[in-house]
Number of protein chains: 2
Amino acid sequence: MYKLFFESFNRKVPLTAEEEKQIKQYLTPKKLRKKQYLLQEGDVCRSVAFVEKGALRAYSVDDKGGEHIIQFGLEGWTIADLFSFLTGEPATYNIDAIEDSELVLISKSAQEELLQRFPKYETFTRLNITGAYLAMQRRLTSIISFTLEERYTNFISLYPDIAQRVPQHMIASYMGLTPETLSRVRQKMIRR
Amino acid sequence: MYKLFFESFNRKVPLTAEEEKQIKQYLTPKKLRKKQYLLQEGDVCRSVAFVEKGALRAYSVDDKGGEHIIQFGLEGWTIADLFSFLTGEPATYNIDAIEDSELVLISKSAQEELLQRFPKYETFTRLNITGAYLAMQRRLTSIISFTLEERYTNFISLYPDIAQRVPQHMIASYMGLTPETLSRVRQKMIRR
DNA sequence: AAAATACATTGACAAAGATCAACAGGAAAA
DNA sequence: TTTTCCTGTTGATCTTTGTCAATGTATTTT
C-alpha cells in the first residue's frame, strides 16, 4: 500500500522509516472504477489525489456540453482541482477515472498538518508543484509557438504512455482540437 | 529598497525584523532600461527576478523569427526561465524589459541557502509557485475552452494593468494570435 | 449471440484565423 | 524640425480548423 507514493517521496526527499510510518497515518486509500467521478464541478475539492495505479482526467465542460481536458493523471502524478482545494470555492473541473484506478488521498486537514509537522513534506509539495508548473509551461509554449503537427509529435514523445492508454478523442480535447482534426493530422504524418 | 518584495513576503509569511535583515543579505538589486535583456536564449538563467517596479516579458522565438510571449512580469511578480535556473541547462526563453524596471535578484546559490536556512523562505517559495501554477492553469483553460472574444475579455478583467501598459501586439502574442486578429476582435467588441 | 455504445475515419462545406500589403498617427531619434 | 520607427487598423485573399453527416469497426452490455 502507498508503494509508489513513498517511492516518489523518497526520490525527492529521503525519509526515515519512522517518518514514513507517521506520514502514512494521514493518507487514505481509494479505488475508483472506470468512468467513476472523483470530483464533480460545483462540489468542493476536499482532497488531493496521488495516482498509484490507473489513469484519470480533469476537465471542464462548456455551455454546449463540450469537454476540455486540462490534465491527465497517470501513475505517479497528483490530480485535483487545486484552486477549489485551496480556497474552498466550488470546483470548476470534473475529475473522473479513464481506467480502474487506485489513489492515495490527502485531505485538506491532513495536508495542513503534514505541512506544519513535516518540513520534508513541505519540500515534497514544493517540488511537486514546481514540476507541475514546468510541465504546464512546456505545454503552453507548445500551444502558442508550434504547428499542430509539431505539437502532436511533441506530445507523443513526451507522454508515450498517455498516447497509448488514452483514446484519441481525449488527446484531441487535451490539445484543444476536435477529434476530426487530430485524426487528419495523424493521417498526414502517416503518409510520410 | 526591496520594499515590495518584503511586503509580498510578509503578506504570505510574516517575518521578524531580524529575519528580514538576514534575508536582505542574499538579495541583489538591479535596474534595467526599456528593451534591455535580463536573459537571452542559450545563456543559463542564473537568478530569479522579483519585479519591484516596471514590466518585463519572457518569450521564445520560433524559426521564422516570430516572438511568443509566455509570461509578463509586472510589479510583485517573479520572472525567470525556471527550468534553466533549476537544471543549469541553456535557457529557451528571452527575458527583456518593456519599461524601465527595478528588480530584486536571487541567485542560484542564494536560493539554495535561503531554502536551507529559512523554512519561511521555503513556504514563501511554495506559495509563489502555487500562485503561478494556478494563474497558468486559468490561462490554459481559457485557451482550450473559450472563444477569442471571451478570452480577451477575460484577460482584460484579470489583468487590467497589463492591458493598459503593454502594447497590443504583445497581448496578441501572449494570446497566441497575430496583431491583426486581435485588432479585429476588439473592433467587433467595440461595435456593441 | 445480439444489441448498443464508443471510437476513429472520411467527405463536403462553413467559419475562423493567418498572411500580405497598404496606410495613418504618434512617439522617439537624429 | 525632419526623419525614422513603432503601433494599430483595414482590406483582400489563402490556409487551417470546425461542423455536420455518414460509415465501419471494435468494445461493452444485455
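Reader: With which residue does E67(B) form a salt bridge?

Author: The partner of E67(B) is R57(B), and the closest N and O atoms of the two are 2.4 Å apart. The structure is a predicted model, in which local features need pLDDT of at least 70 and side-chain atom pairs count only at pLDDT 80 or more, whereas totals for chains, interfaces and linings use all residues. Residues are numbered from 1 along each chain as its sequence is written, chains are lettered from A and ligands numbered from 1 in the order in which they are written, and side-chain values use heavy atoms, with hydrogens and water left out.

A salt bridge here is a side-chain nitrogen of Lys or Arg within 4 Å of a carboxyl oxygen of Asp or Glu. E67(B) belongs to strand 5 of chain B and R57(B) to strand 4 (residues 55–61) of chain B, so the pair ties together parts that are 10 residues apart in sequence. Helices (H or I, at least four residues) and strands (E, at least two) are DSSP runs, numbered from the N terminus. With a relative accessible area of 40%, E67(B) is partly exposed, whereas R57(B), at 7%, counts as buried. These classes are set with a 1.4 Å probe on protein chains only: buried is under 20% relative accessible area, exposed is over 50%, and partly exposed lies in between.

In chain A, R57(A), E67(A) and D96(A) are linked in a network of salt bridges. Over all chains the structure holds 16 salt bridges. One of them joins R165(A) to E99(A) at 3.0 Å, N to O. R165(A) lies in helix 7 (residues 160–165) of chain A and E99(A) in the loop between strand 7 (94–97) and strand 8 of chain A, so this pair connects parts that are 66 residues apart in sequence. R165(A) is partly exposed at 31% relative accessible area, and E99(A) is partly exposed at 22%. A further pair, E7(B) and K3(B), meets at 3.1 Å, N to O. These two residues are 4 residues apart in helix 1 of chain B, and are therefore separated by about one helical turn. E7(B) is partly exposed, with a relative accessible area of 36%, while K3(B) is exposed at 60%.

Two strands pair if DSSP finds at least two bridges between them. Strand 3 (residues 47–53) and strand 8 (residues 101–107) of chain B are paired over 6 bridges, and V48(B) stands opposite I106(B) in strand 8 of chain B.

Y2(B) is not a glycine, yet has a positive phi of about 65°, and is buried at 10% relative accessible area.

The contact takes 32 residues from chain B and 32 residues from chain A. About 3,100 Å² is buried between them, 69% of it given by carbon and sulfur atoms; this buried area is the accessible area (1.4 Å probe) that two parts lose on being put together, summed over both. The rule finds 2 salt bridges across the interface of chain B and chain A. E122(B) forms a salt bridge with R126(A), the closest N and O atoms being 2.5 Å apart. The elements that give two or more residues to the side of chain B that touches chain A are strand 5 (67–74), helix 3 (82–87), helix 5 (119–145) and helix 8 (168–175) of chain B. Helix 5 of chain B provides the largest share of that side, 18 residues.

Notes:
Contact means heavy atoms within 4.5 Å.
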